[in-house]
Amino acid sequence: MSADKFKVVNTRALKMDALGLACGEPVFTDDKEFNGLLYGRLLWSPCAHARIKKIDAKAAEKAPGVKAVLTWRDVPRVPHTTAGQGYPEPSPYDSFVLDNKVRFVGDRVAAVAAETPEAAEAALKLIKVEYAPLPAVFDPFEALKDGAPVIHDEKDAKNIPDAAHNLAAKFEFEVKNGDWFKDADFTVERTYRMPYLQHCAIEPHTVITYFDNFGRLVIRTSTQVPFHVRRIVAQALKLPVKKIRVVKPRIGGGFGSKQEVLLEDITAALSLKTGRPVKIEYTRRETFVSSRTRHPAAVRLKTGVKKDGTITDAEMDIVLNTGAYGSHALTVMMCSGSHTIPMYKVRNNIKFLGRSVYTNLPVAGAYRGYGATQGFFAWESQMDIMAGKIGMDPVEFRRMNYIRLGEGSPVFKAMGEGREGVEQVITSIGLYEGIEKGLEAIDWYAKKEKYRDQKGPVRRGLGMACLMQGSGIPEVDMASATIKMNEDGSFNLLTGAADLGTGSDTILAQIAAEVLGVTAGDFVVRSADTDLTPFDVGAYASSTTFISGNAVKKTAEKVRGMIIAVAARILDREKESLRLEDGRVIARDGASCSLSEVANTSLYYSDQHQIIASASHYAHTSPPPFAAHFADIEVDTETGKIKILDYVACVDCGTAINPEMAEGQNDGAVLNGLGHTLSEEMEFSANGTPLNAGFRRYKIFSTADTPPMRTILIPTYEPNGPFGAKSVSEIGINGPLPAIANALYNAVGIRLTDSPFTPDKVLAALKLMP
């Protein structure tokens with residue numbers, strides 16, 4: 001189906017919550033007031049690795065205003081994962097609500113609830129803790145060695161493959177069709193490194209727990225995964241699932257950090273102890289230290305290439321630092337290979353080795369890009385290096401070696417997320433058109449000629465990178481939706497999908513409206529309330545448009561059938577002759593009735609029934625979006641500063657359900673990636689204490705820092721997606737690191753493989769040049 005056939009889909013419909021958000025309506029977790037609210041605070045470990053020998057909370061319990069103090073003795077000891085993933089979770093069960101051992105600076109020690117924030121803070125200072133320090137390890141390669149400190153020596157942890165060597169996850173895969181590198185004319189081997197990075201969502205993690213009139217626990221939380229929160233909190237606190245309701249209000253950014261159960265369990269434990277509402281909200285420092293980060297990575301990539309441009313062999317070895325707990329340890333590592341390697345045509349041999357390693361540093365988790373960010377930094381830098389080795393234009397080398405329509409890869413089947421993957425072939429791809437559009441937009445060839453013979457301290461260069469991602473996790477992710485028709489011909493759309501500010505409520509309403517011949521404004525959308533909305537795995541893995549959107553489309557089709565059945569009786573026409581358009585049911589001969597008449601007939605007059613339907617969707621494929629990124633930069637060789645003159649990102653997301661929001665998602669992802677590239681890095685002291693846990697010293701790109709940048713949507717039609725749609729929200733973050741690394745080499749001849757590309761690193765590399 002072509003875009004010109006759509007009436008609601010592929011239009012720039014107004015984001016339905018835009019006005020309320022702009023006017024400051026109270027829609028976030030902390031915007032609701034509760035009578036008798038207590039304020040929760042957490043005591044954090046000052047030690048990187050220690051056992052709690054003794055903890056005395058008596059003075060804190062007697063302090064004015066204090067209503068509860070919890071230590072490891074006061075809560076159930078149930079090993080679980082904090083990763084908000086589908087059951088059974090592929091992450092290790094290595095976490096506890098509170099434990100008698102701490103594993104990083106910022107680990108939980110105790111919790112307090114008091115009448116005021118000040119009383120809670122004062123009570124924390126009265127808790128006396130005696131620690132027995134243990135040797136700590138901060139480098140994942142050191143942590144793997146025999147004799148390294150064992151971070152998880154508890155006997156009741158589960159699903160840790162090799163606790164004695166601090167191995168939280170491991171996977172190996174090989175396709176062998178001959179001797180390694182025998183046919184290669186050149187081999188390239190480099191290691192690419194990425195540091196600790198913070199999500200920096202503007203809204204910190206916030207949770208309020210309370211009891212409804214039936215004594216059920218209600219968790220109001222800024223989460224991406226309300227149904228997973230319900231399940232994991234029930235598990236950790238030994239509560240029946242039926243006793244818990246999770247409500248997700250509007251969220252002020254997530255980017256993966258809120259695909260985690262970080263505060264819900266301990267806040268709920270305080271409410272259970274006191275019988276009163278309790279709120280815990282992270283400070284900015286707590287968000288940096290004790291929430292989640294991107295997995296720091298070292299990617300060793302060895303590739304072979306022939307003089308004719310054929311890639312003969314590829315060996316990818318990635319070591320991730322998962323920090324003190326193994327949240328998403330396996331799946332991020334798997335995605336670093338499964339979302340990257342299939343893009344390249346490797347003729348002979350492919351090998352992947354991935355290891356996620358415990359250290360005594362903050363805990364890594366889900367972060368936009370989810371492993372592909374680390375992987376593509378290596379792969380797309382290496383593509384330029386290989387092209388240089390054989391003297392081939394890097395654009396032509398890429399055209400020759402990327403996957404094409406109808407092709408597959410053995411990696412799709414071998415590498416799933418926590419289980420075997422599924423066989424896939426590419427059913428839509430706009431990558432090659434994206435390359436052409438990007439070359440034209442950035443004026444690639446003219447600038448290449450212009451930059452050929454530069455003199456002076458300021459040099460300019462061009463770089464590119466191409467990317468793919470996924471659209472949900474095949475045969476794992478599932479979503480459901482319900483649509484109910486009202487008397488005026490409007491509809492209620494109930495969906496478990498979690499709108500993170502991405503506009504998914506609007507997107508899903510547009511999909512339903514396209515089916516039912518109305519506007520998105522004819523839908524009242526309620527999302528992500530475990531009591532009122534059907535199940536959805538949540539907002540992660542770029543799944544919402546593809547998985548939840550398909551569920552909504554199926555549901556709307558059921559409702560359409562019910563509407564037509566009633567209208568056929570009203571109009572005395574065959575059902576096959578009827579269509580829905582502009583809020584009416586219209587027959588081929590022009591006879592029509594309004595949707596309002598249909599609704600009232602069904603509710604009050606004939607064969608009375610509610611027009612309502614539900615449907616679910618899970619996919620057997622994960623069609624990749626594709627992207628081609630182009631960077632035009634300027635490098636001051638005297639200061640080492642990199643300035644971005646222009647940045648173009650061409651994206652194939654299939655049919656963009658809402659082009660304006662798709663462009664906005666990609667713009668945000670690119671800007672996020674530019675921060676990774678040029679400035680962002682968490683710093684630690686020798687004892688593992690974070691040194692720049694705040695925006696004064698951790699530099700993210702703001703509006704003032706935004707360079708000229710453009711998103712160009714490349715329309716394709718994905719047959720497995722709702723109205724041809726694929727995902728868009730993550731892929732853009734993967735491009736800036738390799739594109740700018742390649743542009744930097746083009747400008748001044750230095751190849752940086754350790755991000756971020758700060759002025760001191762640029763100057764140090766320039767000094768090493770002959």
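**Close-up views of cavities, a pocket and a helix pair**

**View 1. The lining of the largest cavity.** Sorted by class, the residues that line the largest cavity comprise 10 nonpolar, 5 polar and 6 charged residues. In this predicted model, the largest cavity has a volume of about 260 Å³, and of the 21 residues that line it, those closest to its centre are Phe-96, Asp-107, Arg-108, Arg-292 and Tyr-325.

**View 2. The second largest cavity.** A search of the whole structure finds 4 cavities of 30 Å³ or more, and the second largest cavity has a volume of about 70 Å³. Among the residues that line the second largest cavity are Cys-335, His-339, Tyr-370, Glu-417 and Glu-730, and by class its lining has 4 nonpolar, 5 polar and 2 charged residues.

**View 3. The second largest pocket.** About 440 Å³ of space lies in this pocket, and of its 22 lining residues the closest to the centre are Pro-140, Met-194, Pro-195, Pro-296 and Asn-321. The helix α4 (140-143) and the strands β8 (186-194), β15 (297-305) and β16 (311-323) each supply at least two residues of the lining, which by class has 13 nonpolar, 3 polar and 6 charged residues.

**View 4. The crossing of helices α5 and α6.** The axes of helix α5 (residues 226-237) and helix α6 (residues 264-274) come within 10 Å and cross at roughly 55°, which means that α5 is oblique to α6. The crossing in which α5 passes α6 is right-handed. Val-229, Val-233 and Leu-237 in α5 meet Glu-264, Asp-265, Ala-268, Ala-269 and Leu-272 in α6, and by class this contact has 6 nonpolar, no polar and 2 charged residues.

Technical notes:
Residues are numbered from 1 along each chain as its sequence is written. This is a predicted model: local features need pLDDT of at least 70, side-chain atom pairs count only at pLDDT 80 or more; totals for chains, interfaces and linings use all residues. Side-chain values use heavy atoms; hydrogens and water are left out. On a 1 Å grid over the protein atoms alone, a cavity is a set of points where a 1.4 Å probe fits but cannot get out, and a pocket is an open set with protein on both sides within 12 Å along at least five of seven lines; lining residues have an atom within 4 Å of a point. Grid points are joined across faces, edges and corners, and a volume is the space filled by probe spheres set on the points. Helices (H or I, at least four residues) and strands (E, at least two) are DSSP runs, numbered from the N terminus. Ala, Val, Leu, Ile, Met, Phe, Trp, Tyr, Cys and Pro count as nonpolar, Asp, Glu, Lys and Arg as charged, and the others, Gly among them, as polar. Axes are lines fitted to C-alpha atoms, for helices over the stretch in contact, and angles run from 0 to 180 degrees between N-to-C directions. Angles under 35 degrees count as roughly parallel, over 145 as roughly antiparallel, 65 to 115 as roughly perpendicular and the rest as oblique. A crossing is left-handed if the near helix is turned anticlockwise from the far one by less than a right angle, and right-handed if clockwise. Contact means heavy atoms within 4.5 Å.
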